[in-house]
Amino acid sequence: MTRHRAKAGALTAAVDHFLKVSRSYWPGLFHCYSLPDLPRTNNDLEQFFGAHRCHERRTTGRKGATPGLVLRGAVRLVAWAATRLRPFASEDLVPETVSAWQELRHALETRRHQRTQRRRFRHDPTSYLATLEADLLKLILPP
């Protein structure tokens with residue numbers, strides 16, 4: 001593009017901007033080509049997620065995402081992708097750091113709890129808010 005910049009005419013400024021932005025991202029711009037199993041384009045990535053969606057539909061019979069995928073998608077999708085590449089032994093599943101594993105488990109449990117609370121609120125908002133108010137009063141007022 002630099003060589004043929006003069007042929008751009010009125011778009012010369014756009015070419016200059018493109019070159020400037022490309023240079024700023026250059027160190028990681030084509031990182032996907034250095035990793036053999038990383039999808040190269042958005043279409044490849046969409047095909048990857050579509051394949052998972054198709055398998056999920058076949059195994060569960062649901063049209064939409066299963067609650068387990070919604071809650072634990074960050075773990076289940078990665079596990080699904082990894083097991084497509086090769087089988088894993090139990091030794092491979094040992095976490096590198098226990099604290100990172102505990103943080104992940106805590107985040108997943110927090111999401112599950114939040115989803116449960118939303119479901120309880122939708123089911124019976126009056127009762128949910130009364131329970132919440134009673135719990136708040138216990139914290140504020142001494143016994």
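**View 1. Helices α2 and α3 are roughly perpendicular to each other.** In this predicted model, the axes of α2 and α3 come within 11 Å and cross at roughly 105°, an angle that falls in the range of 65 to 115 degrees and therefore counts as roughly perpendicular. On the α2 side the contact is made by Phe48, Phe49, Ala51, His52, His55 and Glu56, and on the α3 side by Leu69, Arg76, Leu77, Trp80, Ala81 and Arg84. Sorted by class, the residues of the contact of α2 with α3 comprise 7 nonpolar, 2 polar and 3 charged.

**View 2. An aromatic cluster is formed by Phe48, Phe49 and Trp80.** The structure holds 3 aromatic pairs, and one of them joins Phe48 to Trp80 in a tilted arrangement, with 5.4 Å from centre to centre and 55° between the planes. This pair links distant parts of the chain, since Phe48 lies in helix α2 (residues 42-60) and Trp80 in helix α3 (residues 67-85), 32 residues apart. With a relative accessible area of 22%, Phe48 is partly exposed, whereas Trp80, at 16%, is buried, because the cut-off for a buried residue is under 20% relative accessible area.

**View 3. Glu56 is a buried residue of helix α2.** The relative accessible area of Glu56 is 9%, and this residue touches Gly61, Thr66, Leu69 and Arg76 when residues up to four places away in sequence are not counted. Glu56 also belongs to the α2 side of the contact with α3, where Leu69 and Arg76 are among the residues on the α3 side. Gly61, one of the residues touched by Glu56, is placed just after α2 and takes a positive phi of about 80°. Helix α2 itself has 19 residues and reaches 27 Å from its first C-alpha to its last, which is close to the 27 Å expected at 1.5 Å a residue.

**View 4. Helices α4 and α5 pack at an angle of about 125°.** The axes of helix α4 (residues 98-123) and helix α5 (residues 125-140) are 5 Å apart, and the angle makes α4 oblique to α5. In this contact, Gln117, Arg120, Phe121, Arg122 and His123 of α4 meet Pro125, Tyr128 and Leu129 of α5. The residues of the contact of α4 with α5 divide by class into 4 nonpolar, 2 polar and 2 charged.

**View 5. Phe121 and Tyr128 form an edge-to-face aromatic pair.** The ring centres of Phe121 and Tyr128 are 5.7 Å apart and the ring planes stand at 75°, so the pair counts as edge-to-face, the cut-off for that class being over 60 degrees between the planes. Phe121 is partly exposed, at a relative accessible area of 36%, while Tyr128, with a relative accessible area of 19%, is buried. Both residues take part in the contact between the two helices, Phe121 from α4 and Tyr128 from α5.

**View 6. Ala6 is an exposed residue in the segment before α1 (12-29).** The relative accessibility of Ala6 is 69%, and the cut-off for an exposed residue is over 50%. Ala6 and His123 are separated by 117 residues in sequence and by 66 Å in space, C-alpha to C-alpha. His123, in turn, is one of the α4 residues that meet α5.

Note on methods:
Residues are numbered from 1 along each chain as its sequence is written. This is a predicted model: local features need pLDDT of at least 70, side-chain atom pairs count only at pLDDT 80 or more; totals for chains, interfaces and linings use all residues. Side-chain values use heavy atoms; hydrogens and water are left out. Axes are lines fitted to C-alpha atoms, for helices over the stretch in contact, and angles run from 0 to 180 degrees between N-to-C directions. Helices (H or I, at least four residues) and strands (E, at least two) are DSSP runs, numbered from the N terminus. Angles under 35 degrees count as roughly parallel, over 145 as roughly antiparallel, 65 to 115 as roughly perpendicular and the rest as oblique. Contact means heavy atoms within 4.5 Å. Ala, Val, Leu, Ile, Met, Phe, Trp, Tyr, Cys and Pro count as nonpolar, Asp, Glu, Lys and Arg as charged, and the others, Gly among them, as polar. Rings of Phe, Tyr and Trp (its six-membered ring) pair if their centres lie within 6.5 Å; planes under 30 degrees apart count as stacked, over 60 as edge-to-face and the rest as tilted. Buried means under 20% relative accessible area, exposed over 50%, partly exposed in between (1.4 Å probe, protein chains only). The expected span of a helix is 1.5 Å times one less than its number of residues.
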